[in-house]
Amino acid sequence: MTVTLADVAARARVSPATVSRVLNGNYPVAAATRERVLRAVDELDYVLNGPASSLAAATSDLVGILVNDIADPFFGIMAGAAQTEIGGQEGTGRAGGEKLAVVCNTGGSPERELTYLTLLQRQRAAAVILTGGALEDPAHIAAMTAKLAKLADAGTRVVLCGRPPLQGSDAIVAALAFDNRGGGRRLTDHLLTLGHRRIGYVAGPVERTTTRDRLEGHRAALRDAGLDGASEELTVHGSYSRRSGYEATLELLRRAPDLTAVVAANDTVALGACAAVRDQGLRIPADISVAGFDDLPFSVDATPALTTVRLPLFEAGARAGRLAMGTESPPPGGIATIPAELMARASTAPPRTG
């Protein structure tokens, strides 16, 4: 015999409306009452009819988390932290207000990003979290603005994590933007303070906001030091991959054999840069200093430990999860800039003299 919501209400000695409020998590319920309802759900093994409830409600129990590459720790850490907040308390074995988080891997494709948003719209997703930098393409920005407006109109909470605000859009609940520009500047200032003047830069894809902001910070530091003249020649763009870091560093060394430092777009790219330096018979940091960005878990275990810029990825992802669930109030104006911290380690040192 199928257990109904009315059966749960009778067992818990509450009204069916109260049971519904506890299970949907959309209305405050006294802690003792909530516990009584959840105990009745467990005892009767009641299963909420998800599709039917989503048809009756404005949104479903689904939350979409869009990432470029789930295998990349940058995205994996944020997605995992968000999922922890979305899934509710660990180990309770209960479903009362929690949501089902689904990670959507776009592979960096703008078309796939829009496709996933359409699919989440059809599923009446309760919330959508978009992670990482955005594509700087007017047509894609217009398409994203329109798509996110439709999601918001349907009741979906839209949160950006590690992505700058979408100009001209009021569909965003909150945008948590990393201070990539400030972090890029602090990293290059560190190398300049050590005495470096010939600094190569391995940048990410040209069309990404993260690439633009980090490179702007790097060039601002060079400009203030009177060294911006060679910044174009000493910049090579590529993907956010180890292979790209390797190939771009070889190109930089070909262009400028007198380089004393290489700054990489992120820590993964920096690993490739380190391999290229070593394959040329050079030592880190005795001959060339190398620095990355993000402070991914492996950076401190590299040999030598990698100088980098720490972004609080887990904290940002967890906050995005709470904002998506509505358990944390949005920041003033809906925008928060998350600071970046320089982590000076053994891979950078003063340049060799003589």
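## Exercise 1: Enclosed space

A search of the whole structure, which is a predicted model, finds two cavities of 30 Å³ or more.

**Task.** State the volume of the largest cavity and describe its lining by residue class.

**Solution.** 
Step 1. The volume is read off: the largest cavity holds about 40 Å³ of space.
Step 2. The lining residues are listed: Asn68, Thr106, Gly108, Ser109, Pro110, Glu113, Leu135, His140 and Arg208.
Step 3. Each residue is assigned to a class. Pro and Leu count as nonpolar, Glu and Arg as charged, and the others, Gly among them, as polar. The lining of the largest cavity therefore has two nonpolar, five polar and two charged residues.

## Exercise 2: The second largest cavity

**Task.** Determine which element gives the most residues to the lining of the second largest cavity.

**Solution.** 
Step 1. The second largest cavity has a volume of about 30 Å³.
Step 2. Its lining consists of Gly184, Leu187, Thr188, Tyr201, Arg214, His218, Val263, Ala264 and Phe293.
Step 3. Two or more of these residues come from each of α8 (180–194), α9 (209–224) and β8 (261–264).
Step 4. Helix α8 makes the greatest contribution, with three residues.
Step 5. By class, this lining comprises five nonpolar, three polar and one charged residues.

## Exercise 3: A salt bridge between helices

**Solution.** 
Step 1. Glu216 and Arg181 form a salt bridge in which the closest N and O atoms are 2.6 Å apart.
Step 2. The cut-offs are applied: buried means under 20% relative accessible area, exposed over 50%, and partly exposed in between.
Step 3. The surroundings of the pair are examined. Both residues belong to a network of salt bridges that links Glu136, Arg181, Arg212, Asp213 and Glu216. The structure holds 24 salt bridges.

## Exercise 4: Two further salt bridges

**Task.** Describe the sequence separation and the exposure of the partners in the Arg255–Glu251 pair and in the Asp287–Arg352 pair.

**Solution.** 
Step 1. The side chains of Arg255 and Glu251 meet at 2.9 Å, N to O.
Step 2. Because Arg255 and Glu251 are four residues apart in helix α10 (residues 242–255), about one helical turn separates them.
Step 3. Arg255 is partly exposed, with a relative accessible area of 33%, and Glu251 also counts as partly exposed, at 22%.
Step 4. In the other pair, the side chains of Asp287 and Arg352 form a salt bridge of 3.0 Å, N to O.
Step 5. Asp287 is in the loop between α11 (267–279) and β9 (289–291), whereas Arg352 is in the segment after β12 (341–343), so the bridge ties together parts that are 65 residues apart in sequence.
Step 6. Asp287 is buried, with a relative accessible area of 15%, while Arg352 is exposed, at 57%.

Terms used:
Residues are numbered from 1 along each chain as its sequence is written. This is a predicted model: local features need pLDDT of at least 70, side-chain atom pairs count only at pLDDT 80 or more; totals for chains, interfaces and linings use all residues. Side-chain values use heavy atoms; hydrogens and water are left out. On a 1 Å grid over the protein atoms alone, a cavity is a set of points where a 1.4 Å probe fits but cannot get out, and a pocket is an open set with protein on both sides within 12 Å along at least five of seven lines; lining residues have an atom within 4 Å of a point. Grid points are joined across faces, edges and corners, and a volume is the space filled by probe spheres set on the points. A salt bridge is a side-chain nitrogen of Lys or Arg within 4 Å of a carboxyl oxygen of Asp or Glu. Buried means under 20% relative accessible area, exposed over 50%, partly exposed in between (1.4 Å probe, protein chains only).
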